[in-house]
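Please keep the sequence and the structure in view while reading.

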Amino acid sequence: MSDSSDQSVESGGLTPEQRLEPPNTRLINAGIMTINDMETLRACVAYENANQQRVRILRRLEGWASVLRSRDH
């Protein structure tokens with residue numbers, strides 16, 4: 001059983017850390033926008049909550065969750 005903060009590779013071949021810890025915000029935004037499923041998004045939210053807890057990043061993830069949900073309908 002894996003823990004939500006583990007560094008396993010998620011969809012797209014990137015770990016939550018790789019998506020959310022690049023040196024600039026453009027790369028962070030790109031990492032978020034390449035999330036294609038809710039499982040990966042949840043892993044990124046869990047990673048952010050366990051590590052940086054940056055409100056701005058969590059809001060971007062929340063907004064992207066809305067986009068993913070709208071695609072499913």
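## Contacts of leucine 20

Which residues does leucine 20 touch, not counting residues up to four places away in sequence? In this predicted model, Leu20 touches Ile28, Ile32, Cys44, Tyr47, Glu48, Arg54, Ile57 and Leu61. Several of these names return in the sections below.

## The nonpolar core

The largest nonpolar core contains 13 residues. Leu20, Ile32, Ile35, Leu41 and Leu61 are those with the most contacts inside this core. Helices α2, α3 and α4 each contribute at least two residues to the core, and the largest share, five residues, is supplied by α4.

## Packing of α2 against α4

Helix α2 spans residues 25–33 and helix α4 spans residues 55–72. Their axes come within 10 Å and cross at roughly 30°. Because this angle is under 35 degrees, α2 counts as roughly parallel to α4. The crossing of the two helices is right-handed.

On the α2 side, the contact is made by Ile28, Asn29, Ile32 and Met33; on the α4 side, by Ile57, Arg60, Leu61 and Trp64. By class, the residues of the contact of α2 with α4 comprise six nonpolar, one polar and one charged.

## Packing of α3 against α4

Helix α3 covers residues 38–50, and the axes of α3 and α4 come within 10 Å, crossing at roughly 170°. Because this angle is over 145 degrees, α3 counts as roughly antiparallel to α4.

From α3, the residues making the contact are Met38, Leu41, Cys44, Val45, Glu48 and Asn49. From α4, they are Ile57, Leu58, Leu61, Trp64, Ala65, Leu68 and Arg69. The contact of α3 with α4 divides into 10 nonpolar, one polar and two charged residues. Ile57, Leu61 and Trp64 of α4 take part in this contact and also in the contact with α2.

## Glutamate 48

Is glutamate 48 buried or exposed? This residue of helix α3 has 0% relative accessibility and therefore counts as buried. Leaving aside neighbours within four places in sequence, Glu48 is in contact with Leu20, Gln53, Arg54, Ile57 and Leu58. Of these partners, Ile57 and Leu58 belong to the α4 side of the contact of α3 with α4, while Arg54 and Ile57 are also among the residues touched by Leu20.

Conventions
Residues are numbered from 1 along each chain as its sequence is written. This is a predicted model: local features need pLDDT of at least 70, side-chain atom pairs count only at pLDDT 80 or more; totals for chains, interfaces and linings use all residues. Side-chain values use heavy atoms; hydrogens and water are left out. Axes are lines fitted to C-alpha atoms, for helices over the stretch in contact, and angles run from 0 to 180 degrees between N-to-C directions. Helices (H or I, at least four residues) and strands (E, at least two) are DSSP runs, numbered from the N terminus. Angles under 35 degrees count as roughly parallel, over 145 as roughly antiparallel, 65 to 115 as roughly perpendicular and the rest as oblique. A crossing is left-handed if the near helix is turned anticlockwise from the far one by less than a right angle, and right-handed if clockwise. Contact means heavy atoms within 4.5 Å. Ala, Val, Leu, Ile, Met, Phe, Trp, Tyr, Cys and Pro count as nonpolar, Asp, Glu, Lys and Arg as charged, and the others, Gly among them, as polar. A nonpolar core is a set of buried Ala, Val, Leu, Ile, Met, Phe, Trp, Tyr and Cys residues joined through side-chain atoms within 4.5 Å. Buried means under 20% relative accessible area, exposed over 50%, partly exposed in between (1.4 Å probe, protein chains only).
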